[in-house]
Amino acid sequence: MDRLSYILDQLNVNAGVFFRGQLCGLASFEEEGTGYIHVLRSGVLDIMEGNREKTTLTEPTMIFSVRSQPHQLFGANREGAEMICASIKFQTGSRNPVLEALPASVVLPLSSVLGLGSFVDVLFSEAEAAQEGRDAIMNRLVEVMFVNVLRHIVSEGETPRGMLSALADRQLSKVLNRIDSNLNGDLSVEKLAEVAMMSRSTFIQHFKNVLGLAPGEYVQNARISAAKKLILKDKPMSIICFEVGYEDASGFSRAFKKNTGMTPREWKKLNLTAEEAENATVEDNANVA
């Protein structure tokens, strides 16, 4: 599996378009656990992120904010900015080493990424046509555009440390593949060091240097991320705990709560409720003034 396919498999992305038209005035985006893609087709748009200086865009551009980065957009002239905004949800949650390896935000002129402008043209044509199935098609198009942005990030090497570096590391890539394909097997530090063909101490240090966390912590995160996917597929907890490497449901529940702050059943109820609410209405995700 190539690096980009691995990333997408780990993130399990869902997109939802919630605004299309002319942005006149200020819009704030700061929902916890949500990424955003904004596509500027025409007009002038100001971006404000935290303490950074204002950025003014005057050409067709995509703004990609991946890790719940609070930001504001401002349609800077009388005509406003013609744009489409979409939320990006990661079913495995925001505490994900793959997600943490990506830049917090990316601003890409459409002309800088081959083929991206064509997807944007189709996206706006679909928005204007107002035919049946429009929302579903637009959401899938945004997901395809998300993949294109990730492809650009990977090819440009904009993540010098973290998951992408580990996937490019011949020894660590073998370890990560071993973890993901063997979650209910022996994933002790000794076994993983053996897979990497390193001594235990050298392996631990190399793993920390590249990924920024200890092997055991990474393994637990991987198991919980996999469990989340299975929970949303409505698999029984007794089966899930075995498939992701826990001997019993109580041990799995303790690990899950330590990682997420809630039990598996609480997490399932919250995320299914959020997903149903988003399907019903997604326009409340932005406060447009």
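I take buried to mean under 20% relative accessible area. I also keep in mind that this is a predicted model.

**Entry 1, helix H7**

I looked up helix H7, residues 189-196, and listed its buried residues: Val189, Leu192, Ala193, Val195 and Ala196. Seen down the axis of H7, these buried residues fall within an arc of 155°, so they line one face of the helix. Next I asked what covers the buried residues of H7. The cover includes helix H6 (170-181), helix H8 (200-211) and H9. After H7 comes Met197, and I noted that its phi is positive, near 60°.

I then followed H9 (residues 215-232) to helix H11 (residues 249-260). Their axes come within 10 Å and cross at roughly 100°. Angles of 65 to 115 degrees count as roughly perpendicular, so H9 is roughly perpendicular to H11. On the H9 side I found Gln220, Asn221, Ile224, Ala227, Lys228 and Ile231 in the contact. H11 brings Phe252, Ala255, Phe256, Lys258, Asn259 and Thr260. I sorted the residues of this contact into six nonpolar, four polar and two charged.

I checked the length of helix H3, residues 116-129. Its 14 residues, at 1.5 Å a residue, should span 20 Å, and the end C-alpha atoms are 20 Å apart, which agrees. Buried in H3 are Leu116, Val120, Leu123, Phe124, Glu126 and Ala127. Down the axis of H3 they fall within an arc of 155°, so they line one face of the helix. I found them packed against strands S1 (13-23), S3 (35-42), S6 (61-65) and S8 (81-90), and against helix H4 (134-156).

Notes
Residues are numbered from 1 along each chain as its sequence is written. This is a predicted model: local features need pLDDT of at least 70, side-chain atom pairs count only at pLDDT 80 or more; totals for chains, interfaces and linings use all residues. Side-chain values use heavy atoms; hydrogens and water are left out. Axes are lines fitted to C-alpha atoms, for helices over the stretch in contact, and angles run from 0 to 180 degrees between N-to-C directions. Helices (H or I, at least four residues) and strands (E, at least two) are DSSP runs, numbered from the N terminus. Angles under 35 degrees count as roughly parallel, over 145 as roughly antiparallel, 65 to 115 as roughly perpendicular and the rest as oblique. Contact means heavy atoms within 4.5 Å. Ala, Val, Leu, Ile, Met, Phe, Trp, Tyr, Cys and Pro count as nonpolar, Asp, Glu, Lys and Arg as charged, and the others, Gly among them, as polar. The expected span of a helix is 1.5 Å times one less than its number of residues. Buried means under 20% relative accessible area, exposed over 50%, partly exposed in between (1.4 Å probe, protein chains only). The arc is that of the directions from the helix axis to the C-beta atoms.
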